[in-house]
Amino acid sequence: MQARYDYPDKQADIQRLIDTAFLFKGLPKEALIKSTANAVTRSHPPNRVILLENDWGGSVYFIIEGWVKIRTHNVEGKEVTLNIVGRGEIIGEMAALDEAPRSTDAITLTSTTISSIPAHDFVHLLQTESLAGIRLSQLMAKRLRQLNRRLRLREADSVSRVADSIIFLAEGQGKQGQQGIEIPNLPHRELSSISGLARETVTRALTKLEKKGLIERREEIICIPDMLGLERIIT
């Protein structure tokens with residue numbers, strides 16, 4: 001059942017949030033109305049900082065469209081990409097849950113539309129709707145599985161590690177195109193940060209994958225015509 005609101009523009013934004021966010025899937029109408037009543041939707045260009053490490057979090061953010069990089073820095077000051085998330089995902093939830101400063105930065109990689117709700121509305125939803133807690137747990141479990149696989153492949157060859165990074169992105173936000181699954185053709189520095197390889201090594205690995213027919217690189221997207229074939233590279 002769809003929620004209704006008095007202001008057409010806000011109604012459209014909130015309905016889009018409800019339709020997109022995995023957390024809200026299957027929740028009662030009354031819970032949706034209450035938890036999204038104070039939602040604010042904004043569009044951001046690439047390279048816009050959404051969250052900063054060590055800031056206090058007053059809001060939780062839902063990605064309606066686009067890609068966001070979650071990053072931190074190691075002891076040497078080098079950037080480390082922890083995750084790249086997109087449509088339907090949530091960011092900033094940890095600070096809301098443990099009432100502590102944020103532990104990572106979040107930066108847009110593409111033009112991105114994000115809806116935010118106050119942290120107290122988010123926490124109240126989890127306290128009153130058990131299904132919302134289950135949905136959040138499912139998202140966290142998915143991220144943990146992906147991280148475990150990436151850690152398992154840290155000693156693998158470069159082609160396997162780059163293939164895994166592409167699979168990781170496709171699992172999160174891949175879209176079915178006419179010739180296979182499509183993901184944005186991110187800068188090689190982003191794939192370098194995800195895979196833990198030098199940028200030049202990533203470029204060589206991408207070329208090898210393309211020669212094998214496992215990926216097709218275009219100006220704005222990477223197409224994966226054979227996902228099973230790509231997965232066999234890392235097994």
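Helices (H or I, at least four residues) and strands (E, at least two) are DSSP runs, numbered from the N terminus.

**Entry 1: before looking**

I am working with a predicted model, where local features need pLDDT of at least 70 and side-chain atom pairs count only at pLDDT 80 or more, while totals for chains, interfaces and linings use all residues. Residues are numbered from 1 along each chain as its sequence is written, and side-chain values use heavy atoms, with hydrogens and water left out.

**Entry 2: the largest pocket**

I wrote down the terms before the numbers. On a 1 Å grid over the protein atoms alone, a pocket is an open set of points with protein on both sides within 12 Å along at least five of seven lines, and a cavity is a set of points where a 1.4 Å probe fits but cannot get out. Lining residues have an atom within 4 Å of a point. Grid points are joined across faces, edges and corners, and a volume is the space filled by probe spheres set on the points.

With that settled, I looked up the largest pocket and found a volume of about 890 Å³. Its lining has 39 residues, and those closest to the centre are I70, T81, L82, N83 and T104. Two or more lining residues come from each of strand 5 (79-86), strand 6 (90-91), helix 3 (93-98), strand 7 (105-108), helix 5 (130-152) and helix 7 (188-195). Which element gives the largest share of this lining? I found helix 5, with seven residues.

I then sorted the lining by class: Ala, Val, Leu, Ile, Met, Phe, Trp, Tyr, Cys and Pro count as nonpolar, Asp, Glu, Lys and Arg as charged, and the others, Gly among them, as polar. The largest pocket has 19 nonpolar, 10 polar and 10 charged lining residues.

**Entry 3: the second largest pocket**

Here I read a volume of about 260 Å³. The residues lining this pocket are E65, G66, W67, R87, Q173, K175, E182, I183, P184, E220 and I221. Strand 10 (residues 180-184) gives the most, three residues. By class I noted four nonpolar, two polar and five charged residues in this lining.

How many cavities of 30 Å³ or more does the whole structure hold? My search found two.

The largest cavity has a volume of about 60 Å³. I listed R150, L153, R154, R161, D164, S165, I194 and S195 as its lining. The classes are two nonpolar, two polar and four charged.

The second largest cavity comes to about 40 Å³. Around this cavity I found N83, I84, V85, E89, K142, R143, Q146, F168 and G172. Strand 5, helix 5 and helix 6 each give at least two residues to the lining. The class count is three nonpolar, three polar and three charged.

**Entry 4: salt bridges**

A salt bridge is a side-chain nitrogen of Lys or Arg within 4 Å of a carboxyl oxygen of Asp or Glu. I searched the whole structure and got 12 of them. For each partner I also checked accessibility: buried means under 20% relative accessible area, exposed over 50%, and partly exposed in between (1.4 Å probe, protein chains only).

D105 sits in strand 7 and R71 in strand 4 (residues 67-73), 34 residues apart, so I marked the pair as a link between distant parts of the chain.

Next I took E89 and K142, whose closest N and O atoms are 3.8 Å apart. E89 lies in the loop between strand 5 and strand 6 and K142 lies in helix 5, so this pair ties together parts 53 residues apart in sequence. E89 is buried at 6%, whereas K142 is partly exposed at 22%.

My last pair was R189 and E190, with closest N and O atoms 3.7 Å apart. R189 is partly exposed at 42%, and E190 is buried at 4%. I also noted one network, in which salt bridges that share partners join E89, E93, K142 and R143.
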